[in-house]
Amino acid sequence: MIRRTTVREALESSPLGSPVTIPGWVRSNRASSGVAFLAVNDGSTFGNLQVVLDRSLFDEATIASASVGTCVEVAGTLVESSGAGQSREVKASGLRILGPCDQSYPLQPKRHGMEFLRTIPHLRPRTNTFSAVFRMRHRLAMSIHEFFDSRGFFYVHPPLVTSSDCEGAGETFQVTTLPLDGVPLKDGEVDYSRDFFRRRAYLTVSAQLEAEPLALALGGVYTFGPIFRAEPSDTRVHAAEFWMIEPEAAFMDLDDDIALIEAFVKHMAGTVRDRCGEEIEFLTKFVEPGLPGRYASLLDSGFARVTYTEAARILRDAGTGRAAPLEWGQKPSSEQERFLAEEVFARPVFVTDYPASFKPFYMRLNDDGRTVACTDLLAPGVGEIVGGSQREERRDVLESRASQQGLDPAIYGWYFDLRRWGSAPHSGFGLGFERMLMYLSGMKNIRDVLPFPRTFGSMA
Ligand code: 4AD
Ligand code: MG
């Protein structure tokens with residue numbers, strides 16, 4: 001095993017004058033009269049370590065072999081730097097090439113376009129932008145566990161293979177071991193009794209239905225896992241495989257749910273702001289100048305709240321500018337959602353109580369009989385990041401909405417049972433992890449916050 005000092009330790013905490021061995025990848029190699037300078041990055045922190053090679057100690061061929069992209073191990077002494085741009089550097093006594101790299105290496109020191117970088121997902125984590133995004137992704141993930149753990153929510157692990165289409169939109173990936181070139185039929189239909197699970201199976205589109213029984217036993221629970229949606233939408237904000245956080249809690253109504261969402265989103269933003277200062281500074285400079293304003297809009301004021309009916313009125317009164325009017329009963333378009341968050345409220349806004357007609361069966365029907373107790377959180381720049389609701393806890397109402405939406409009671413029977421035996425008011429929500437990360441990093445395409453994005457028509 002190599003006993004190594006990380007670049008982060010070398011720049012922040014290792015004592016000056018101490019001998020160090022630091023492996024990493026060369027970002028630049030430039031020679032001046034008596035010395036050569038390597039910038040070495042190992043991903044542990046944002047900055048590069050400057051390595052100074054005395055050209056009387058190292059031959060030209062060795063120095064030249066440490067070209068951009070090469071993996072090197074530098075041995076030397078940590079000293080104060082007199083150069084601009086860094087406070088410390090390493091005076092090298094040894095340079096070992098761990099992994100040579102030739103001139104065809106695609107990441108030469110210049111700015112590359114995002115489109116090009118998407119074609120090399122195995123290399124782009126070595127760029128400043130992507131290493132910053134993936135470090136931020138880690139910090140965001142940790143903040144989720146901190147938040148729910150500190151509030152007494154239990155982390156639970158529902159299955160990824162399910163028999164239900166929770167959102168009812170039919171956008172599922174089917175899981176099967178039946179041969180596609182000779183599917184067994186019975187009475188003219190596919191004979192699923194011969195499939196692996198002896199029934200039809202899908203990759204989950206939401207962990208909610210399985211989180212509810214756990215909430216109705218443990219109180220408050222949350223999931224954090226991958227979600228699969230076969231939505232044929234080729235947009236900046238849709239992925240076929242993404243991650244969702246789904247808290248679910250008994251004895252919580254829609255107002256409690258909304259308060260929980262706001263506290264959760266603020267906790268995530270606050271943690272990232274406090275712990276990813278360098279990343280935010282870089283991303284503000286090169287990716288999204290409005291980033292500090294976003295953190296301010298998340299952290300410094302309360303989120304706005306408006307009902308769907310009121311939002312429809314606002315859109316009607318706004319005329320036909322950027323956002324077309326919304327007929328009551330229509331689903332708002334993403335332009336209309338962004339108009340509300342960006343121009344009308346200029347901060348994150350909860351839209352509540354949508355028409356029941358286009359929402360899933362599990363949302364609690366309001367007393368008006370035509371809207372449901374649900375909310376979407378819309379954020380400027382990204383659009384919807386959270387969808388949540390109070391759940392229908394009344395068995396008769398639930399079963400009648402499920403049958404209106406054509407759900408098979410044989411599949412959802414266990415879900416109805418929860419309303420039969422010890423039902424309780426309960427609520428929950430789903431937050432799209434990548435959409436939140438887009439918001440906090442300023443990245444404009446969901447493909448650029450996932451290490452290996454899977455989107456409609458593409459799996460690089
Ligand atoms: O609004 P959605 O579809 O809600 C549900 O699935 C509920 N069952 C959640 C719950 O109440 N437990 O999805 C929740 C969030 C969206 O607001 C969005 O942020 C994200 O998941 N999302 C996607 N993110 C990336 N790509 C996609 N294709 C997404 N679809 C939804
Ligand atoms: Mg939604």
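Figure 1. Pro 23 stands opposite Glu 73, a residue of β4, in a structure that is a predicted model throughout. Taken over their whole length, strand β1 (residues 19-31) and strand β4 (residues 71-80) run antiparallel and are joined by 7 bridges.

**Figure 2**

**Figure 3. Close-up of the open sheet.** Here 3 strands with antiparallel pairing form an open sheet, and their order is β7-β11-β8. The edge strands are β7 (161-162) and β8 (174-175), each of which pairs on one side only. Between β7 and strand β11 (residues 201-203), the antiparallel pairing extends over 2 bridges, and within this pair of strands Thr 162 stands opposite Tyr 202 of β11.

**Figure 4. Close-up of helices α6 and α8.** Two packed helices are described by the angle between their axes and by the distance between those axes. For helix α6 (residues 254-275) and helix α8 (residues 291-299), the packing angle is about 140° and the axes are 9 Å apart, which makes α6 oblique to α8. The crossing of α6 and α8 is left-handed. On the α6 side the contact is formed by Val 265, Lys 266, Ala 269, Gly 270, Val 272 and Arg 273, which meet Tyr 295, Leu 298 and Leu 299 of α8. Sorted by class, the residues in this contact of α6 with α8 comprise 6 nonpolar, 1 polar and 2 charged.

**Figure 5. Close-up of helices α11 and α12.** Helix α11 (residues 395-404) packs against helix α12 (residues 409-420) at an angle of about 160°, and their axes lie 9 Å apart. Because angles over 145 degrees count as roughly antiparallel, α11 and α12 are therefore described as roughly antiparallel to each other. Arg 395, Leu 398, Glu 399 and Ala 402 of α11 make the contact together with Tyr 415, Phe 416, Arg 419 and Arg 420 of α12. In terms of class, the residues of the contact of α11 with α12 divide into 4 nonpolar and 4 charged, with no polar residue.

**Figure 6. Close-up of the contact between domain 1 and domain 2.** The protein is divided into domain 1, which covers residues 7-99, and domain 2, which covers residues 124-448. Between the C-alpha centres of domain 1 and domain 2 the distance is 46 Å, and the contact takes 7 residues from domain 1 and 9 residues from domain 2.

Key
Residues are numbered from 1 along each chain as its sequence is written. Chains are lettered from A and ligands numbered from 1 in the order in which they are written. This is a predicted model: local features need pLDDT of at least 70, side-chain atom pairs count only at pLDDT 80 or more; totals for chains, interfaces and linings use all residues. Side-chain values use heavy atoms; hydrogens and water are left out. Axes are lines fitted to C-alpha atoms, for helices over the stretch in contact, and angles run from 0 to 180 degrees between N-to-C directions. Helices (H or I, at least four residues) and strands (E, at least two) are DSSP runs, numbered from the N terminus. Angles under 35 degrees count as roughly parallel, over 145 as roughly antiparallel, 65 to 115 as roughly perpendicular and the rest as oblique. A crossing is left-handed if the near helix is turned anticlockwise from the far one by less than a right angle, and right-handed if clockwise. Contact means heavy atoms within 4.5 Å. Ala, Val, Leu, Ile, Met, Phe, Trp, Tyr, Cys and Pro count as nonpolar, Asp, Glu, Lys and Arg as charged, and the others, Gly among them, as polar. Two strands pair if DSSP finds at least two bridges between them. Domain bounds come from an automatic or database domain assignment.
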